[in-house]
Amino acid sequence: MMSLSKFPISAAILFICSTPCTMAQTIGEELQADMHCAAGMHYALPIEENVHDTPPPQGKKPFFINHYGCPSAYYQERTDFYDAPYSTLSQADKKGKLTLLGRDVLGRLQQLRQEARDRANELTEAGKQQARGTARQIAQRIPEVFNDKCYVDTRSVLENHSLLTMCEAFVELSRVHQPMKMRASSSLRYQSWMNPQDEVLENQRTDSLAMARYNDFTARWAPDDSQLMASLFNDADYARTVDATALSRQLFDLACITLYAGKANYASLFSIFTPEQIHRHWMRRNAWAYIRYGGCTLNGGYQSYIQRKPLWNLIHMGDSIMGLDDPVVHLRYTHENVVMSLVCLLEVDNYGVQTDCLDSLETLGWADYRIAPLGGSIIIIHYRSGKDDPDPLVRVLLNGREARLPIPSDCTPYYHWNDMKRYYLRKLYTYTRERNDN
């Protein structure tokens, strides 16, 4: 295992005191205000109006937008998500063991299954509107880039939900601004830098220590399922024959992935859970996302480095665009987990924080729905005074809001491109050297 001590010292301890005002609410307060946040990476990011943008330093104008986006809200059709809880409740119903609520929930499951049939990875109606609204907001917030000479290059991984999100954005941009030079494409060739794989890191992801600590964490914070079982089953003896933990998790996970399921939206399952149960179920899912995509040191602390090729690409394109006369927009649409790990690798808003204590994630502000929700994105906007400007600046938007980097700056939330490039190149080179030495 590589030594953490040899990596560049993170500014996490100082930086946590300077996180933006968007984090003023605690996670618990956010979940109380909107229980749908507990859907985590399946939470559909709302499009905010009147978002604050800090004006750039005098003389600097935007000329390049580099965007990595999650898919918008879409249908998931993994049959096990639907079939396991449906089978449990259906069998109980045949034996007359369901309460009125239990039968109602069984009906909701049937509706959700029907709604998702043959629609795997298809955008929901809410997802289509979300994709269009997000693209429209980018153009409206940075109008200097979207002029008659702008070139927009949109690319997607070969997954239907990402491809359809790109198409909706493409159509909206072409509607908002005419004329505009645009191109849309999708190819397996993009996989290496838009959805990279790393067998070494992936094999370390769920090692024995990480899984042991995760299982201990979920056991200690497991919700009390007795109330839920009593609300679903009318026979206490029969209810004891049901795996309450498994059924509760199945219903909650299904509630998360079907939250924006079109006509079946009225069949939401969140309402059968108490706020405390929702919070604890979210804790389980959030810890799992941190282990798989964040800086969790239980499995080495390097899972986010799977996204080092996208980071190389961000740096390369930032330099390549510098001398062009006209503005350029790159819109990349990939998976939620890719965006999450890239955000963590960049240490945006301290989300690269490393810990072996899963209980500390809320205190540290590490929440999956804050990092990579459906429709979320990380956008790096480049500014210059002219194409020969020796000191271009960048500003980062995470899910539509100005974000902070772990880099000193005299013009925050703007950062000197050369400082940013130096920091991340050092980070990548150090990791590569350490990995090759082991």
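**Ser268 and its chain in a predicted model**

**View 1. Ser268 is buried, with a relative accessible area of 19%.** Buried means under 20% relative accessible area, exposed over 50%, and partly exposed in between, with a 1.4 Å probe and protein chains only. Ser268 sits in the loop between helix 12 (244-257) and helix 13 (275-293). Helices (H or I, at least four residues) and strands (E, at least two) are DSSP runs, numbered from the N terminus. This is a predicted model, in which local features need pLDDT of at least 70 and side-chain atom pairs count only at pLDDT 80 or more, while totals for chains, interfaces and linings use all residues. Residues are numbered from 1 along each chain as its sequence is written, and side-chain values use heavy atoms, with hydrogens and water left out.

**View 2. Ser268 touches Arg108 and Leu259.** Residues up to four places away in sequence are not counted here; contact means heavy atoms within 4.5 Å. Leu109 is 159 residues from Ser268 in sequence, and their C-alpha atoms are 9.2 Å apart in space.

**View 3. A polar atom of the Ser268 side chain lies 3.3 Å from the backbone nitrogen of Phe270.**

View 4. Of the 438 residues of the chain, 55% count as buried. Among contacts between residues at least 6 apart in sequence, 82% join residues at least 24 apart.

How values were computed:
A polar contact is a pair of N or O atoms within 3.5 Å; within protein, one must be able to donate a hydrogen and the other to accept it, and residues adjacent in sequence count only if both atoms are side-chain atoms.
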